[in-house]
Structure formats: C-alpha cells, structure tokens
Amino acid sequence: MATDDFSAVSRALATEAVHAGREDLAGLGLHAPPLDLSTTYPSYDSRDEAARIDAFAATGALDDGPPVYARLSNPTVARFETALAKLEGTESAVSFASGMAALTAVLLVRASLGLRHVVAVRPLYGCSDHLLNAGLLGTEVTWVDPAGIADAIRPDTGLVLVESPANPTLRELDLRAIAHSCGSVPLLADNTFATPVLQRPVESGARLVLHSATKYLGGHGDVMGGIVACDEEFARKLRQVRFTTGGVLHPFAGYLLLRGLATLPVRVRAASATAAELVARLSADPRISAVHYPRIGGAMVAFETVGDPHEVIGSVRLITPAVSLGSVDTLIQHPASISHRIVDAGDRRSSGVSDRLLRMSVGLEDVEDLWADLDQALSGPRGLRARDGRRTEAAS
Ligand SMILES: *Cc1c(COP(=O)(O)O)cnc(C)c1O
C-alpha cells in the first residue's frame, strides 16, 4: 500500500487505530474504505502476470501491481493487515480465516524447514493445546514451565509458543525473559487477550504475534479471523503457505476487522475499567474462592466459585453464557466444559484450569447492571448454601 510522508511520524496508538490502513483514502476521494469482493482481476498482459507469479512463488513478496486472485491477496484485507502491523509495531502482518488457521500456517512454515518440534507453555487456548498435543500437523510438542524453555530447545525446534495473559487462567509470563531463553528460535506470543492496547510482544523480543481477530480486534462477536504480526521475512513465508493452503480471510471479514480496530483502544480501556471494578467486588465476596486478573489489566476476569460453577452459568440473565470473548457484551463460560474441554482433564487441571473456574469476558455494559446479574447468579440455590456455609464457619 502506498505510504505518504505522514506515516513516518510516530503517532499515538489511539490515532493509528483510527487512521492506519486508510492512508490513501483521501487521495482516492473516499472516506470509508472500499470493500472489494472480487475473486479475480482482469489482466491483458499475461507475460507480466507470469513474471509476477514467479516472483511471488520465489519470495512470497507482494508487489504494488493490481491483484491477481483473491487467494493471493485482497486490497480490503491488506488494509486490515497494514493497520494491525502498525498497532503491533511490526513490519508486516498476514491474516487468515481464523486464529487456528493462523497458528496452523506458522507451524507449517516451520515444519516445511524440517523444524517440527515445538516448545510450549501451558495453559494455552484449548484448541491450540490440542493442535500441538495431537500432532495433527506432524509436529511434536514439549510442554515446559518458562524456566525449562532453554533446556527443551533441540536442533529441530522451530517455535516456542506462549500466551500471556493465558486463556483461561490469565497467567502472566515474563515475555522478555522467555524471548531470551529462546535464543534464535522464534517466539510466538498469542496476544489475543492483551491486544496491542495493553501489550506489544515484539517490544519484549517475540518474533511472531498471533491474534484470534475473532475476539477483541473484531470486537462485536460477528466476524471470525486470525492474524500474525511479524517481520516481512516471516510474512513472506506465511503468504506462500496461505496461498497454497487457502485459509484466507474473507474481504468482508477484513472490512469489519479494520472497522473494529478503530474502536479497539476505547473498547479495551472502557471494558478494562469495568473488569477491574468487578474484580474488586469478586475478591471481597465470600462466594468466590479465587480471582485471577492480570497485572497489565484487561477485560478478561477468571474466578473460582465456592459453589457449583454450572449454577452460575445457568443463572445469568444479562450476561450471555457463551464461549468466545472480546465482544461489546459480557460473556461467561466454564472452561473445563467448553473452551478447554478438548484438553486432557489431567493436563487441564495441572495447568490451573480447575473445575470451579469460570472465565468472563467483560463488555461495555454499566458495571452496576453487570454486578447485579453476577450477584443474583452467584446466589443460585447452591451459591446461597455455600455463602451460608461460610458464614457458619466464620461464626463458629
Ligand atoms: C479463540 C482463541 C484462539 C483461536 O482463534 P479462532 O479465531 O477461534 O480460530 C487462539 N488463541 C486464543 C488465546 C484464543 O482465545
């Protein structure tokens, strides 16, 4: 995409969120970004097209010429990629049909070089855990604590994979120390929970930053996508894999994701303030045995109930009992039943995902309405009993 002199000026994240990927619009006489749904593009010069396809096959670099075919590139999707790269502070970004398609592409890039071994830290999002643990892509995984990363690295290690804050326990890792332990092996940090508003992992030494764009980047629970922010060298490899395996982001999804980025800083900050207040109330509540909330903040809250967590899921009225996260409305789910069901129960529990853990994605509703709903949901039949039990204990 054409850049102008302004793009050299460093601007605040909130400004970039609104303007990045739209630099050329005024010159085109447009205000809103155009949505290009073309699957193919006319070209009367097939010699030139042949040369361009050869160049892409050899390098994975996209030139400034007209698009060729939608599995190769799309101008609307490219705007979203440009914008997310800007927000994450990377040279490039490559988008995919979902977060899992993005992770798959990263693993395939490394496996194609014979680097099939992955070192990973639990917990991870359930499906990421399963993809590695089941070896579906012919990869092999060694699970370690952060302190064990350096020792676990082998000559065929292609990737170190971490999440911080992690899904669903919100465990935070020292990304800088981890990047140091990785040596020359690329560190992939899944930044879905923090978003670039709260944390930019490349600044701590991560080479690859993964997002399930389905979550905060889209922000409205109506678009699925994934994206990897990285240097242009890795991005070229990812584009080659994307072209041949086909897990592309749909242009309409790219349009919605670019639109979502514009409000990302405002949404994350507002929901985080509400989450922090709910954390304070939950922490003081006798019906709650533990609350997990990251030091960097954010809109995700995890807590363990004294009573049966299924009762809470069955009793919420304003809050939606549903998997996923990062939407404008508040969602709650039971990881052991849903998001992390696919992880072996022993591995799940040993990585801190207890059967009493609930994960809540705080949205943009008023904090008092959210608290009223949580309060009544926690006072379901068993919640009440648990609270009475505690009181009896305290009294005796
Ligand atoms: C949801 C999620 C994913 C997977 O993304 P999809 O868009 O659902 O494929 C990966 N990592 C984290 C942390 C997630 O929450």
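Buried means under 20% relative accessible area, exposed over 50% and partly exposed in between, using a 1.4 Å probe and protein chains only. That matters for two residues picked out below.

## What you're looking at

This is a predicted model, where local features need pLDDT of at least 70, side-chain atom pairs count only at pLDDT 80 or more, and totals for chains, interfaces and linings use all residues. Numbering runs from 1 along each chain as its sequence is written, and side-chain values use heavy atoms, with hydrogens and water left out.

## Two domains

The protein chain splits into domain 1 (5-262) and domain 2 (265-394), with bounds that come from an automatic or database domain assignment. Their centres, taken over C-alpha atoms, sit 30 Å apart. Across the divide, 35 residues of domain 1 are in contact with 32 residues of domain 2; contact means heavy atoms within 4.5 Å.

## The second largest pocket

The second largest pocket holds about 300 Å³ of space. It is lined by 22 residues, and the closest to its centre are Gly99, Met100, Tyr125, Ser212 and Lys215. Two elements, α5 (99-111) and β6 (208-212), each give two or more residues to that lining. (Helices are DSSP runs of H or I with at least four residues, strands are E runs of at least two, and both are numbered from the N terminus.) Domain 1 (5-262) and domain 2 (265-394) both give residues to the lining, so the pocket lies between them.

A word on how that works: on a 1 Å grid over the protein atoms alone, a pocket is an open set of points where a 1.4 Å probe fits, with protein on both sides within 12 Å along at least five of seven lines, and lining residues have an atom within 4 Å of a point. Points are joined across faces, edges and corners, and the volume is the space filled by probe spheres set on them.

## Thr157, tucked away

Thr157 lies in strand β4 (residues 157-163) and is buried, at 4% relative accessible area. Its side chain makes a polar contact with the side chain of His117 (2.7 Å); such a contact is a pair of N or O atoms within 3.5 Å, where within protein one must be able to donate a hydrogen and the other to accept it, and residues adjacent in sequence count only if both atoms are side-chain atoms. The backbone nitrogen of Arg154 is also 2.7 Å from a polar atom of the Thr157 side chain.

## Ala322, partly out

Ala322 sits in the loop between β10 (320-321) and β11 (331-333). This alanine is partly exposed, with a relative accessible area of 24%. Leaving out residues up to four places away in sequence, Ala322 touches Leu331, Ile332 and Gln333.
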